[in-house]
Amino acid sequence: MTQQWHPDPEPIETNDTAAVGIGTGLWAIALVALLIFRPAPENTWWIWTCLTGVGFGLLGMWIVSRPRRS
C-alpha cells in the first residue's frame, strides 16, 4: 500500500516573545506568592525553582527576541 504525498503545511505565525513572557510572569507571580507565604523549611526548594523559572524565562525572552541570523 502506497501513501499519496501531501505538501507540508505552512508554518504558523506565533508571537514567541509573548508566550515566553507569559510563562516568565507566571513564575514571577509564584515566586512573589512564596516569598509572602513562606513555605515550610523542608520546601524552600520551591523558591529556588521559581527563581530558576524566572531566570530561564528571561534567557528565553532574550533568545526569541534576537533577530534571526541566517
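This report describes the overall form of a predicted protein model and then several of its residues.

## Overall form

The model is predicted, and its protein chain contains two helices and zero strands. Along the principal axes, the C-alpha atoms of the chain fill a box of roughly 60 × 35 × 15 Å. The radius of gyration of the protein chain is 19 Å, whereas a compact globule of 70 residues would have a value near 11 Å.

Contacts between residues at least 6 apart in sequence were also examined by their separation along the chain. Of these contacts, 57% join residues at least 24 apart.

## Surface and charge

Of the 70 residues in the protein chain, 14% count as buried. The chain exposes about 6,400 Å², and carbon and sulfur atoms supply 66% of that area.

The protein chain carries 4 positive and 5 negative charges. The mean position of the positive charges and that of the negative charges are 15 Å apart.

## Helix H1 and threonine 24

Helix H1 comprises residues 16–36, and threonine 24 has its place there. The relative accessible area of threonine 24 is 8%; this residue therefore counts as buried, the limit being under 20%.

When neighbours within four places in sequence are left aside, threonine 24 is in contact with Val54, Gly57, Leu58 and Met61.

With a relative accessible area of 38%, glycine 55 is partly exposed, because its value falls between the 20% limit for buried residues and the 50% limit for exposed ones.

Glycine 55 and alanine 28 are 27 residues apart along the chain. Their C-alpha atoms are separated by 9.6 Å.

## The tryptophan pair

The structure holds one aromatic pair. The partners are tryptophan 45 and tryptophan 46, whose ring centres are 6.0 Å apart and whose planes meet at 80 degrees. The pair is classed as edge-to-face because an angle over 60 degrees places it in that category.

Tryptophan 46 has a relative accessibility of 36%. This residue therefore counts as partly exposed, a class that lies between the 20% and 50% limits.

Terms used. Residues are numbered from 1 along each chain as its sequence is written. This is a predicted model: local features need pLDDT of at least 70, side-chain atom pairs count only at pLDDT 80 or more; totals for chains, interfaces and linings use all residues. Side-chain values use heavy atoms; hydrogens and water are left out. Helices (H or I, at least four residues) and strands (E, at least two) are DSSP runs, numbered from the N terminus. The radius of gyration is taken over C-alpha atoms; the globule rule is 2.2 Å times the number of residues to the power 0.38. Buried means under 20% relative accessible area, exposed over 50%, partly exposed in between (1.4 Å probe, protein chains only). Contact means heavy atoms within 4.5 Å. Accessible areas come from the Shrake-Rupley method with a 1.4 Å probe; for residues, only the protein chains shown count as cover. Lys and Arg count as positive and Asp and Glu as negative; His and the chain ends are not counted. The place of a charge is taken as NZ of Lys, CZ of Arg, CG of Asp or CD of Glu. Rings of Phe, Tyr and Trp (its six-membered ring) pair if their centres lie within 6.5 Å; planes under 30 degrees apart count as stacked, over 60 as edge-to-face and the rest as tilted.
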